[in-house]
Amino acid sequence: MGDAFDAFEEQAGELAATARVLAVARVEGFDPDGAIVGAPVLLGFVCIHDQIRATAAQTIGYFKDQGVSVNVISGDDPRTVAGIAAQVGVEGAEEYVDATTLETPEQVADALRRYHVFGRVKPEQKKQFVVALQEQGHVVAMTGDGVNDTLALKQADCSVAMAAGSDAARNVAQLVLVDNDFASMPKVVAEGRRSINNLQRSASLFLVKTLLSMTLAVLFVLLPWQYPFQPIQMTLISAFTIGIPSFVLALEPNKERIRGRFLENVIVKSIPGAVCAVLGVLAVNAVGRLVLGLDYGQVSTLCVLLTAWVGVMLIIRLSVPFTPIRTALLVVVVGGTVLGATLLHGLFGIEPFTVPMAVLLAVCAVAASALFHWLYGVFGRWHEARLARWA
């Protein structure tokens with residue numbers, strides 16, 4: 001329409017704040033090249049309003065409360081996008097960017113640091129937006145339902161599509177919402193957090209046993225003593241300090257925000273327990289055999305109980321803050337271990353206690369407790385510092 005649009009651009013802009021606007025005009029005709037002949041006469045506007053779901057604001061609010069930065073990128077007029085974003089509570093919706101003005105990756109990255117609403121975004125630019133956020137250290141989740149979203153969906157760390165969307169979007173998305181309702185995302189996030197957080201805690205228990213077994217297997221090949229654990233004794237340790245706790249911790253609700261990398265989170269919690277268990281076993285063998293003159297059965301008994309004690313300390317650390325379920329778990333773990341070491345001592349090869357055994361176990365348990373909590377604190381502070389640098 002050329003310069004004729006200037007006469008009603010302001011009015012169209014006001015309408016574009018809440019709707020897609022189509023101007024309808026009458027013209028005298030068109031020349032052979034298709035150009036308009038004469039000045040267009042405005043007849044009116046056709047406004048197409050998007051129906052906002054009743055749960056949209058609540059869903060956006062949930063992600064804001066969880067510390068998630070919400071960006072809206074759309075191919076529509078930026079004024080319309082900003083108006084809708086403001087209605088659902090997107091932070092900074094009053095300031096928006098026309099993506100046609102962003103010509104370089106540097107401009108895109110700079111705009112993403114300052115703004116959250118973008119209009120007239122081309123499909124290839126949506127991918128640039130995702131790449132820029134990833135380069136800034138963000139974990140990016142992308143939602144979309146059209147063919148123009150597929151490049152960004154494929155690039156994102158987590159891609160979510162609607163079941164009613166295009167085939168292309170559904171095929172590249174990692175997650176498809178079959179109810180076509182973004183309000184389901186908080187439940188999806190909660191389930192993902194439960195799975196990953198609980199898996200991290202369970203993996204820490206298993207890794208302690210793995211590191212302990214591997215280290216002791218190598219050391220006792222070189223040392224002049226017999227390996228201190230019998231197979232049936234490892235069953236007692238595995239059942240009450242690994243098997244039952246990991247089963248319970250894996251199933252309980254857990255909505256804590258996921259932080260850091262999975263493997264690093266597991267290793268940081270496992271090393272203190274593994275170090276204390278290995279040093280405790282070596283101390284019991286050295287002092288018990290060389291100083292107190294204990295036999296293999298007595299040394300083996302002390303090693304089993306000391307390892308179980310280290311496992312209990314790790315379970316306590318992983319269970320903080322305590323809930324009724326976690327408290328009951330700790331009672332079962334301690335009670336089961338004590339039951340196995342007393343009433344079922346014959347089954348698990350637990351020898352009757354003597355005074356030297358009791359003294360050695362008490363001293364080693366106190367030393368292991370002090371070392372465990374010190375190491376746990378050191379690794380914890382180091383890990384928190386790394387997480388703070390990533391934040």
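I started with Ala341, which is buried, at a relative accessible area of 17%. For my own record, buried means under 20% relative accessible area, exposed means over 50%, and partly exposed is anything in between, with a 1.4 Å probe and protein chains only. I am working on a predicted model, where local features need pLDDT of at least 70, side-chain atom pairs count only at pLDDT 80 or more, and totals for chains, interfaces and linings use all residues. Residues are numbered from 1 along each chain as its sequence is written, and side-chain values use heavy atoms, with hydrogens and water left out.

**Entry 1: around Ala341**

I placed Ala341 in helix 12 (residues 324-342). Helices here are DSSP runs of H or I with at least four residues, strands are runs of E with at least two, and both are numbered from the N terminus. Which residues does Ala341 touch, leaving aside its neighbours within four places in sequence? I found Leu305 and Ile350 in contact with Ala341, where contact means heavy atoms within 4.5 Å. I also looked up Leu361: it is 20 residues from Ala341 in sequence, and the C-alpha atoms are 14 Å apart in space.

**Entry 2: helix 11 against helix 12**

Next I took the partner helix. Helix 11 (residues 296-319) packs with helix 12 at an angle of about 175 degrees, and their axes are 10 Å apart. The axes are lines fitted to C-alpha atoms, for helices over the stretch in contact, and angles run from 0 to 180 degrees between N-to-C directions. Helix 11 and helix 12 are therefore roughly antiparallel; the cut-offs are under 35 degrees for roughly parallel, over 145 for roughly antiparallel, 65 to 115 for roughly perpendicular, and oblique for the rest.

I listed the residues that meet there: Leu305, Ala308, Val312, Ile315, Ile316 and Ser319 from helix 11, and Arg326, Leu330, Val333, Val334, Thr337 and Ala341 from helix 12. By class, this contact has 9 nonpolar, 2 polar and 1 charged residues. The classes are Ala, Val, Leu, Ile, Met, Phe, Trp, Tyr, Cys and Pro as nonpolar, Asp, Glu, Lys and Arg as charged, and the others, Gly among them, as polar.

In the loop between helix 11 and helix 12 I came across Pro321. The peptide bond from Val320 to Pro321 is cis, with omega near 0 degrees.

**Entry 3: sheet 8-9-10**

I then moved to the strands. Three of them form an open sheet in the order 8-9-10, with parallel pairing; two strands pair if DSSP finds at least two bridges between them. Strand 8 and strand 10 (175-177) stand at the edges with a single partner strand each, so one side of each has no neighbour in the sheet. The twist averages 25 degrees from one strand to the next.

Strand 8 (residues 141-144) and strand 9 (residues 158-162) are joined by 4 bridges and run parallel. Among the pairs I noted, Met142 stands opposite Ser159, Thr143 has Val160 as its bridge partner, and Gly144 has Ala161.

Strand 5 is joined to strand 7 (residues 117-119) by 2 bridges, and Ile73 stands opposite Phe118 in strand 7.

Val108, Ala109 and Leu112 in helix 4 meet Gln128, Phe129, Ala132 and Leu133 in helix 5. That contact has 6 nonpolar, 1 polar and no charged residues.

**Entry 4: positive phi**

Last, I looked at Arg120, in the loop between strand 7 and helix 5. Its phi is positive, about 55 degrees, although Arg120 is not a glycine. At 34% relative accessibility, Arg120 counts as partly exposed.
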